[in-house]
There are 2 protein chains.
Amino acid sequence: MYRISQLAKRFGLSRSTLLYYDQEGLLCPSARSEAGYRLYSERDLDRLAAIASFRKAGLSVEEIRAILAAPEKGEQSVLKRRLAAVGEEITALKAQQSLLARMLRVQSGEALPESMDKATWVAMLRAAGMDDRAMETWHAEFERRAPQAHHAFLLSLGIAEQEALTIRRLSQSAWAGAEGGDPD
Amino acid sequence: MYRISQLAKRFGLSRSTLLYYDQEGLLCPSARSEAGYRLYSERDLDRLAAIASFRKAGLSVEEIRAILAAPEKGEQSVLKRRLAAVGEEITALKAQQSLLARMLRVQSGEALPESMDKATWVAMLRAAGMDDRAMETWHAEFERRAPQAHHAFLLSLGIAEQEALTIRRLSQSAWAGAEGGDPD
DNA sequence: ACTAAACCGTGAAGCGGTAGACGGGTCAAG
DNA sequence: CTTGACCCGTCTACCGCTTCACGGTTTAGT
C-alpha cells in the first residue's frame, strides 16, 4: 500500500496529478487509511502504469477512461486516431518551423543548420572515413534490413520521392550482386 | 471601418479570438459605434495581419504583445526561442508516434521489422566498414553540425532520453579534443 | 509531552485560446 | 409596428493539470 506522494515519486508524476486522476475517476485508490489518506494497492499501481503510458502517447484523460473501461472495444481505433492526429500536429509544427525560419532569415540573412540534409549527411560519413564503396554497402544493408525505414530516412534528408526510389533500387541490385559472395 | 465578425471572416479567425485579443489589449479597435460596436480601422487591419502571422508561428499572445510593443528590442530572440521549442515539440511528438506504433504492434501481434533500432543501425555501419573510432568521429560530427537532429535521431533508434543525452555529451567532449573512451 | 517538519485532505482559482450561451441591439421586409 | 434574421457585447466553460490556501495527521527528534 502506497501513499499518494510515494506513488507520485515512483512514477515521476506530481501529487496534484494523482489527485486529479482520482477526482476524474480515472484512478481511485482502492483504500483509505483511518485518517482518510489515499492508499494505493499493487493493482492500482499497474493501472497507473497503463495510464501513464497512454498519457505519454498523448491520449486524453477521457480517451484513457474509455479504453480502461472496455479495452477490447475500441482501444485500437483510439490509438489509430491519435496516431493520425500526431501526424497532423507534426506537419503543423513543421510549417511553423519553416515560417519561423523565414522570419529569422528576413531579419538576419543567415539560417541555422538545425536539420539534416543530404550534403551534410554525406559530409559526416566521409569525415568518419567512409568512402563511396562503403556507402553503397551501407545503403544496401539499410535496404535489406528495413526498406521502409530506409525510404523514410532518405526523405528526411530532403531527397525527393523519385530520387529516393532510384537509390533504393540501386541498393537492391547491389545487394543482389553481393549475394554470390564478394568479400572485400 | 470593419465590424468584428467581418474582420474575423476576412482573416479566417473566430469572433471569440478577436474578442480575446481586445480583452488582452493586443488588438483594441480604434473606435466604437454609437451602439458600442467595435470598429476596426485599416491600421488595425495591418496590426491584425502581423498578429495572425506570429500566431501561425506559434508565438503566445504574451510574446506577440512584447514584440509589437518594442519590435527592435527582442523580436529575434523570441523567434529563436520559439524555433527551438518547436524542435523539441516535434521530437516529443515523434516519440509519441513511435510509442503509439509500438502499442498498435503489440495489439496486432506482429512485430514489423520495418523500424530501425540501435543494434541494427550499428550492425549496418559495421557492415559498411566503420569501426569504433569512426563511429565516435561520426557522432562528434553529427553533434557539431546539427545537435538537435542528432538528438532526434538517437531517440528514433529507440534510445532513451537519458542515454541520448549521455551520448551527446560524450560526442561533444570528443569534439573538444579528448579521445579514447568507449564507443557505442 | 512537546515541537517542527513533512505529509495528508479538500476546495478553489488559474493558465491560453477557443467555443458557446444569453440577452439585447440593428436592419431589412411586410 | 411587428416579425425574423442577424449581429453585438458580456459571461462562462473547457482541457490537464498546477498552485494556493487552510487545516488536520504523521513522523522524528528532543
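## Ground rules and confidence

Residues are numbered from 1 along each chain as its sequence is written, with chains lettered from A and ligands numbered from 1 in the order in which they are written. As this is a predicted model, local features need pLDDT of at least 70 and side-chain atom pairs count only at pLDDT 80 or more, while totals for chains, interfaces and linings use all residues; side-chain values use heavy atoms, with hydrogens and water left out.

The average pLDDT (the predictor's confidence in each residue, from 0 to 100) of chain A is 82, and 84% of its residues score at least 70. Within chain A, confidence is highest in strand S3 (residues 38-40), at 96, and lowest in helix H8 (residues 147-156), at a mean of 70. Helices (H or I, at least four residues) and strands (E, at least two) are DSSP runs, numbered from the N terminus. Please take care with residues 177-184 of chain A, where pLDDT stays under 50 and the model has two contacts (heavy atoms within 4.5 Å) beyond four places in sequence. Where pLDDT is low, the predicted coordinates should not be read in detail.

## Where the chains meet

## Sheet and helix in chain B

Chain B has an open, antiparallel sheet of three strands in the order S1-S3-S2. Strands S1 (2-3) and S2 (31-32) stand at the edges with a single partner strand each, so one side of each is left without a neighbour in the sheet. Strands pair if DSSP finds at least two bridges between them, and two bridges join S2(B) to S3(B). Arg32(B) has Arg38(B) as its bridge partner in S3(B).

Helix H2 (residues 15-23) of chain B has Leu18(B), Tyr21(B) and Asp22(B) as its buried residues (buried means under 20% relative accessible area, exposed over 50%, partly exposed in between; 1.4 Å probe, protein chains only). These residues cover an arc of only 100° around the axis, which puts them on the same side of H2(B). Ser16(B) and Gln23(B) are exposed on the other side.

## Salt bridges within the chains

Asp22(B), buried at 12% relative accessible area, forms a salt bridge with Arg38(B), the closest N and O atoms being 2.3 Å apart. Arg38(B) is partly exposed at 22%.

In chain A, the side chains of Glu63(A) and Arg81(A) meet in a salt bridge (3.6 Å, N to O). Glu63(A) lies in helix H4 (residues 61-69) and Arg81(A) in helix H5 (residues 71-108), so the pair ties together parts that are 18 residues apart in sequence.

Note on methods. Arc of directions from axis to C-beta. Salt bridge = Lys/Arg side-chain N within 4 Å of Asp/Glu carboxyl O.
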